[in-house]
Amino acid sequence: TGDIGVSPVAAAAMTGFGLIADTLSTFSTSAQVTGKAYAASYVSPTPSKMTTAISDMETAYNDAAGRTTPDAKKVNLNAGLISGTTFTAGGYKWGTDVMFSSDIYLSGDANSIFILQTSGNVVAGSGAKVILQADSSGGSTPLASNIVWQVAGYVDAGTTSHLEGIFLVKTKAVFKTGSSLNGRVLTQTACSLDKTVITQPSD
């Protein structure tokens, strides 16, 4: 659910969606997208809106990358091998790839903020899931919109894996067959989806 878009490349770069242009050619629709598809090649005002969107994405990426991590225990946690790890709210930073082959847990409430930064890649193994859980207070669970992944490399979501949060990716993201994301993915080079379900957070 939600809109998709590409810029500065043309709409032809969005393959596999069976895009149908609207009468004004400012956007397209697809049976696979609950929302609209936009591209820099569409009729005004879409190109300028796409330029603004790209600028906003880069601003968000740089902002996330510039956040400091005051807790030394949250720097290079488990050398990036985080299978089975439970995360509490705050900032985490890695100078390595971040990889998990089994479930990981983000524990908190609806006000908890998570910022996960890596200078490498994020790799979720087949069937691995990011699970949101309430903390010891037993109240609400964290919100996907309050979880930010800043990835200097690429994202690789294995078959049937499930991710949560907003992914700001310097290069590409590959979501393999049957994978899913509750959140958003914003990449600066490419995004590949294979029978993937991406749901825009309701919050």
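**Reading salt bridges, a pocket and a sheet**

Aspartate 156 forms a salt bridge with lysine 176, their closest N and O atoms being 3.3 Å apart. The model is a predicted one.

Q: Which parts of the chain does the pair of aspartate 156 and lysine 176 tie together?
A: Start with the general idea. Side chains of opposite charge can pair when their charged atoms come close. Here aspartate 156 forms a salt bridge with lysine 176. Aspartate 156 lies in strand 13 (residues 155-157), and lysine 176 in the loop between strand 15 (172-175) and strand 16 (180-187), so the pair ties together parts that are 20 residues apart in sequence.

Q: Is aspartate 156 buried or exposed?
A: Buried means under 20% relative accessible area. Aspartate 156 has 18%, so it counts as buried. Lysine 176 is partly exposed, at 35%.

Q: How many salt bridges does a search of the whole structure find?
A: The search finds two. One of them joins aspartate 156 and lysine 176. In another, arginine 67 pairs with aspartate 63, and the closest N and O atoms are 2.9 Å apart. Arginine 67 is partly exposed, with a relative accessible area of 42%. Aspartate 63 is partly exposed too, at 41%.

Q: What is the volume of the largest pocket?
A: The volume is about 1500 Å³. The lining has 39 residues, and the closest to the pocket centre are Asp3, Ile4, Gly5, Val6 and Val185.

Q: Which elements give two or more residues to the lining of the largest pocket?
A: They are strand 1 (4-6), strand 4 (33-39), helix 1 (46-65), strand 16, strand 17 (190-193) and strand 18 (197-199). Helix 1 gives the largest share, seven residues.

Q: What is the order of the strands in the open sheet of five strands?
A: First, the general idea. Strands of a sheet pair through backbone hydrogen bonds, either parallel or antiparallel. In this open sheet the order is 7-10-13-15-17, and the pairing is parallel. From one strand to the next, the twist averages 5 degrees.

Q: Which strands stand at the edges of the sheet?
A: Strand 7 (98-100) and strand 17 do. Each has a single partner strand, so one side of each is left without a neighbour in the sheet.

Q: How many bridges join strand 7 to strand 10?
A: Three bridges join strand 7 to strand 10 (residues 122-124), and the two run parallel. Phenylalanine 100 has alanine 124, in strand 10, as its bridge partner.

Terms used
Residues numbered from 1 in each chain as written. Predicted model: local features only at pLDDT ≥ 70, side-chain atom pairs only at ≥ 80, totals over all residues. Heavy atoms only, no water. Salt bridge = Lys/Arg side-chain N within 4 Å of Asp/Glu carboxyl O. Buried < 20%, exposed > 50% of the residue type's maximum accessible area, 1.4 Å probe, protein only. Helix = DSSP H or I, 4+ residues; strand = E, 2+ residues; numbered from the N terminus. 1 Å grid on protein atoms, 1.4 Å probe; cavity = no way out; pocket = protein on both sides within 12 Å on 5 of 7 lines; lining within 4 Å. Points joined across faces, edges and corners; volume = space filled by probe spheres on them. Pairing = 2+ DSSP bridges. Axes fitted to C-alpha atoms, helices over the stretch in contact; angles between N-to-C directions.
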